[in-house]
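Please go through the model below with the sequence at hand. The notes after it cover packing and contacts.

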Amino acid sequence: MPSIAGLFFYMSEKIKKLNVSKPLVLDCKKTVKDFPLAYETYGNLNKNKDNAILIFHALTGDQFVSGTNPITKKNGWWVTAVGPGKAIDTNKYFVICANVIGGCMGSWGPKEIDKNTNEAYGLNFPVITIKDMVKSQETLLDHLGIDKLLCAAGGSMGGMQLLQFCATFPNKTFSAVPIACSTNHSAQNIALNELARQAIMADPVWDKGKYLKKNIQPKNGLAVARMVGHISYLSEKGMQEKFGRKLQEKADYEFSFDADFQVESYLRHQGFAFVERFDANSILYITRAMDYFDLSRQFKGGLVEAFKNQKTKFLIISFSSDWLYTTKENKDTVIALNAAGADVSFAEIKTDKGHDSFLVNEPEFLKTLKGFIDSMHIKFKNEKK
Amino acid sequence: MKKEFRVIADLLPRNIRVLDVGCGDGSLMSHLIKEKNIEVRGLEIVEENVKKCIYKGLSVIEGNAETELHQFPTKSFDFVILSQTLQAFYNPEKVLKDLLRIGKSVIISIPNFGYWKVRTSLLIFGKMPVTKTLPNSWYNTPNLHMCTIKDFFDFCIEKKININKVVGVNEETTSEIKKSNLEIKNLFSKVGIFLLK
């Protein structure tokens, strides 16, 4: 395992970056310019430019949607849905994804070096919002020469970014698929994020965010934060079926606090695998952005105002066993879009796989996604004629 | 395409906004877009049908009309269509009220329990009728509130709902139903289509 600094240096060679030179006024009123936005693309933009799809990633995602992530050497985070011959077929479509600002895969975030101090930002990084993330990503479309996307898609925080994107830039995408998300964070979701943040901040290594100076990570706190996340991504039924009370490679209890149960072992594995690839301060910043997200608060007049004059064709997808972003919350977005007179479809996928459903192989979901995007492509081509 | 859908399409002007409640696999929606350039949305409860609509690029919301019509704003559509489903609701009166709130006009079609074959089945054979428009048996029918064209006609008058036009549909022909020919049409129409305002 390379040191954290070594890993981050290694990253820089493998990552495409756009220098965002246009000044960006953040929601916290600070203005920033000349910051890096890391991104990746898959497939080719066609001559008519009618095949571009922008994907927004979730909390712990990055720009490496498909193929092999060159940094972690693992599959891209949405390899089930994006790639050659997949639901979002990269033989046919030009897929774009950027790492959010506040993240840690090459975009401007708390582990980047602050030019004023020559040290990593840590907690000197400004508190960013979903809107800040989206505004910075919009500059990427200009850079790639795309006036209007065929589609934009995203699940969880990716879906929240997408709703923000549509509200802030009403005519930038022909269609949109917000998946398992909401127009604001519920008290339960804020509480779970707070749990993750407190776990990190309770780790003495965290040291008010200054750990990078010592070239270390608050691994224990970050791992616990990840475990909280993993519990919330599964459903009660799915977890029971997957693990039940099965013991981890042993016949009986060991009467100790080692991982006797498979579910414990799973959580520890997920937690400690995560610390190899993610920056703890980024979790603080990104979860904060999610908690602050509230579209109706942003627009005087509420959600109807946020979605007025929408030409975008929406497909909202929810999962029946998702308790993090419930079907009801997703339907509330549908209701708001309807009230604003927008063109909206809605489907609930019946599954036991919980919030994670959009990331795993869930055939009904993938078929629906493919059916929608392919039919939108035909319509978009006709509109462009 | 079903004859009933052709009659419904004929009742609609071009270039309007329509909500098709219980839109099924979207056949009527596709027809309305193609023939009349209508901006149409669907509401459908059956998951398989919802997906079929999405694959066709139609705008459809998965949901139950009995409980979810509140999501559509008042007078947000020029026409709301409900095809042969009213009898399946627990509370058809409430659903109808909602349809009349959402649409400037409403088109409702009902399978006619007064159709002569239905009447004969019960009168002569003493059995609950099973016909093309009423294909289920008594124990598995989704229909909770069957009515005749005459029943629905009277219902609208009682509730002060404005009937603009009624069309009777049977095997070969379609014909306009008026108060004067109601008795005979109630006997010979398989389906009644009501245009309400």
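## Basis

This is a predicted model: local features need pLDDT of at least 70, side-chain atom pairs count only at pLDDT 80 or more, and totals for chains, interfaces and linings use all residues. Residues are numbered from 1 along each chain as its sequence is written, while chains are lettered from A and ligands numbered from 1 in the order in which they are written.

## Where the chains meet

Chain A puts 22 residues in contact with 15 residues of chain B. Contact here means that two C-beta atoms, placed from the backbone, lie within 7 Å. On the chain A side, the elements giving two or more residues are strand E13 (313-319), helix H11 (327-339), strand E14 (343-349) and helix H12 (363-384). Helices (H or I, at least four residues) and strands (E, at least two) are DSSP runs, numbered from the N terminus.

H12(A) supplies the largest share of that side, eight residues. By class, the chain A side has ten nonpolar, six polar and six charged residues. Ala, Val, Leu, Ile, Met, Phe, Trp, Tyr, Cys and Pro count as nonpolar; Asp, Glu, Lys and Arg as charged; the others, Gly among them, as polar.

## The core

The largest nonpolar core has 157 residues. Such a core is a set of buried Ala, Val, Leu, Ile, Met, Phe, Trp, Tyr and Cys residues joined through C-beta atoms within 7 Å. Buried means 20 or more other C-beta atoms within 10 Å of a residue's own, with C-beta atoms placed from the backbone; 12 or fewer is exposed, and in between is partly exposed. The members that touch the most others are A:Ile53, A:Ile55, A:Val95, A:Cys151 and B:Val80. Helix H8 (residues 280-292) of chain A gives the most to this core, with eight residues.

Which residues does A:Cys151 touch, not counting those up to four places away in sequence? They are A:Ile53, A:Thr173, A:Phe174, A:Ser175, A:Ala176, A:Val177, A:Ile373 and A:Met376.

## Helix pairs in chain A

Helices H2 (residues 130-144) and H3 (residues 157-168) of chain A pack at about 65 degrees, with axes 9 Å apart. Axes are lines fitted to C-alpha atoms, for helices over the stretch in contact; angles run from 0 to 180 degrees between N-to-C directions. H2(A) and H3(A) are therefore roughly perpendicular to each other. Angles under 35 degrees count as roughly parallel, over 145 as roughly antiparallel, 65 to 115 as roughly perpendicular and the rest as oblique. A:Ile130, A:Lys131, A:Met133, A:Val134 and A:Lys135 in H2(A) meet A:Met160, A:Gln161, A:Gln164, A:Phe165 and A:Thr168 in H3(A). This contact divides into five nonpolar, three polar and two charged residues.

Helices H5 (residues 219-233) and H7 (residues 262-274) of chain A pack at about 125 degrees, with axes 8 Å apart. H5(A) and H7(A) are therefore oblique to each other. Their contact has seven nonpolar, three polar and one charged residue.

## A helix pair in chain B

The axes of H1 (residues 3-11) and H2 (residues 27-36) of chain B come within 11 Å and cross at roughly 40 degrees. That makes H1(B) oblique to H2(B). B:Phe5, B:Ile8 and B:Ala9 in H1(B) meet B:Ser27, B:Leu28, B:His31, B:Leu32, B:Glu35 and B:Lys36 in H2(B).

## A:Cys97

A:Cys97 lies in strand E8 (residues 94-98) of chain A. A:Cys97 is buried, with 30 other C-beta atoms within 10 Å. Leaving aside neighbours within four places in sequence, A:Cys97 is in contact with A:Tyr39, A:Glu40, A:Ile55, A:His57, A:Gln63 and A:Val65.
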